[in-house]
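Thanks for making the time this morning. I would like to walk through one chain with you, going from the whole fold to a handful of individual residues.

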Amino acid sequence: MTRHGVRRVLPLLLGWEELPKAVSVHGAPHGERVREPVPAVLLECEDGWLLLDTGFNTALLRDPALRRRYYPSPSYQPELPGPGEPLEEALAAVGVTLDDVSAVAISHLHADHAGGLKHFAGRVPVHIQRAELEYGLSGRPEVERNTIFRTDFDDPRIDWRLADGDHEIAPGVTAVLTAGHTPGHQSFVVDLAGGRGFVFACDAADLTENITGERSAGTAIGVTPEATAGPIRRLKRLAEEKGYELVPGHDPVVWPELIRRLSGAR
């Protein structure tokens with residue numbers, strides 16, 4: 001455990017997405033669908049508030065032409081929680097403003113995680129794996145087909161802090177490389193000041209069954225789907241060794257319950 005831990009963990013809900021279950025669980029039955037939460041996590045650290053992930057770029061959903069361009073498939077339906085900016089509203093609900101956030105870390109560049117980076121360009125450091133950013137900026141035609149939208153993050157004002165593997169982002173917060181779902185996906189280990197903690201799997205394991213059954217992620221880039229079970233096993237070992245709760249990234253039962261438990265939401 002680091003010298004000082006994180007003071008508070010506040011999970012946030014930034015929207016929903018209805019999609020085939022096979023996107024999250026490799027081999028899920030054809031036609032089975034799930035409605036998954038779009039998550040973020042706010043951490044009160046020694047040096048201020050650290051935000052893990054940022055949700056959707058709302059402009060790409062609210063403008064009809066942009067929505068047709070970026071979300072053409074009827075099988076995947078993103079949903080925003082209200083009329084305003086989801087990130088701004090979720091922060092306000094826990095008494096925090098965008099200006100209070102002193103650093104951001106992105107698990108990966110999928111549109112439901114990196115779309116809110118527009119709020120932080122030119123303002124705070126943004127932590128990411130080098131391999132993830134290089135893939136996102138590579139110009140390869142399949143990048144956008146993999147729901148990584150360059151318009152979300154190709155901004156010269158963003159103060160990128162690049163990592164090559166596991167690294168400490170802040171006292172009590174360690175990013176763990178869990179590549180497979182994307183080339184530079186990272187999960188997060190959070191040590192609380194009181195001695196407990198969490199392992200946030202992010203999209204290395206969307207659902208509880210990815211963890212309990214070690215079921216591979218439904219989508220992978222650069223590796224076979226079966227290879228994504230390795231990062232799941234690694235996260236399970238880390239959580240077991242530390243005695244921490246391992247939180248799946250998009251579970252529709254676990255995430256709302258975690259918000260109620262940690263944020264006092266009703």
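**Overall fold and packing**

Buried residues, meaning those under 20% relative accessible area, with exposed meaning over 50% and partly exposed in between, using a 1.4 Å probe and protein chains only, make up 53% of the 266 residues in the chain. Before going further, please keep in mind that this is a predicted model, in which local features need pLDDT of at least 70 and side-chain atom pairs count only at pLDDT 80 or more, while totals for chains, interfaces and linings use all residues. Residues are numbered from 1 along each chain as its sequence is written, and side-chain values use heavy atoms, with hydrogens and water left out.

In terms of secondary structure, the chain has nine helices and twelve strands, where both are DSSP runs numbered from the N terminus, helices being H or I with at least four residues and strands being E with at least two. Along the principal axes, the C-alpha atoms fill a box of roughly 45 × 40 × 40 Å.

Turning to contacts, which here mean heavy atoms within 4.5 Å, we find that among those between residues at least 6 apart in sequence, 66% join residues at least 24 apart. The accessible surface comes to about 11300 Å², of which 51% belongs to carbon and sulfur atoms, with areas from the Shrake-Rupley method and a 1.4 Å probe, and with only the protein chains shown counting as cover for residues.

**The nonpolar cores**

A nonpolar core, as used here, is a set of buried Ala, Val, Leu, Ile, Met, Phe, Trp, Tyr and Cys residues joined through side-chain atoms within 4.5 Å. Which residues touch the most other members of the largest nonpolar core? Of its 43 residues, they are Leu12, Leu42, Leu51, Tyr71, Val104 and Leu117. Apart from this core lies another, of 23 residues, among them Val6, Ile169, Leu192 and Trp255. Leaving out residues up to four places away in sequence, the partners that leucine 12 touches include Val38, Leu42, Leu51, Leu87, Trp255 and Ile259.

**Some buried residues**

Tryptophan 160 is found in strand S7, residues 159-163, and counts as buried because its relative accessibility is 19%. Beyond four places in sequence, tryptophan 160 touches Leu117, Val126, Ile128, Leu133 and Phe153, and its C-alpha is 6.0 Å from that of histidine 127, 33 residues apart in sequence.

Cysteine 45 sits in strand S2, residues 33-45, and is buried at 4% relative accessibility. Its contacts, again not counting residues up to four places away, are Val6, Arg7, Leu50, Ala170 and Val173, and the C-alpha atoms of cysteine 45 and glycine 172, 127 residues apart along the chain, are separated by 7.7 Å.

Is histidine 108 buried or exposed? At 0% relative accessibility, histidine 108 counts as buried, although its place is in the loop between strand S5 (101-105) and helix H4 (111-114). Leaving aside neighbours within four places in sequence, histidine 108 is in contact with Asp53, His113, Ala114, Glu132, His181, Thr182, His185 and Asp203.

**Backbone angles to look at**

Most residues other than glycine have a negative phi. Cysteine 202, however, has a positive phi of about 55°; it is found in strand S11, residues 197-202, and is buried, with 9% relative accessibility. Glutamate 214 likewise has a positive phi, near 50°, but it lies in the loop between H7 and H8 and is partly exposed, with a relative accessible area of 30%.

In that loop, which runs between helix H7 (208-212) and helix H8 (229-242), we also find glycine 213, partly exposed at 47% relative accessibility. The C-alpha atoms of glycine 213 and isoleucine 232, 19 residues apart along the chain, are separated by 9.8 Å.
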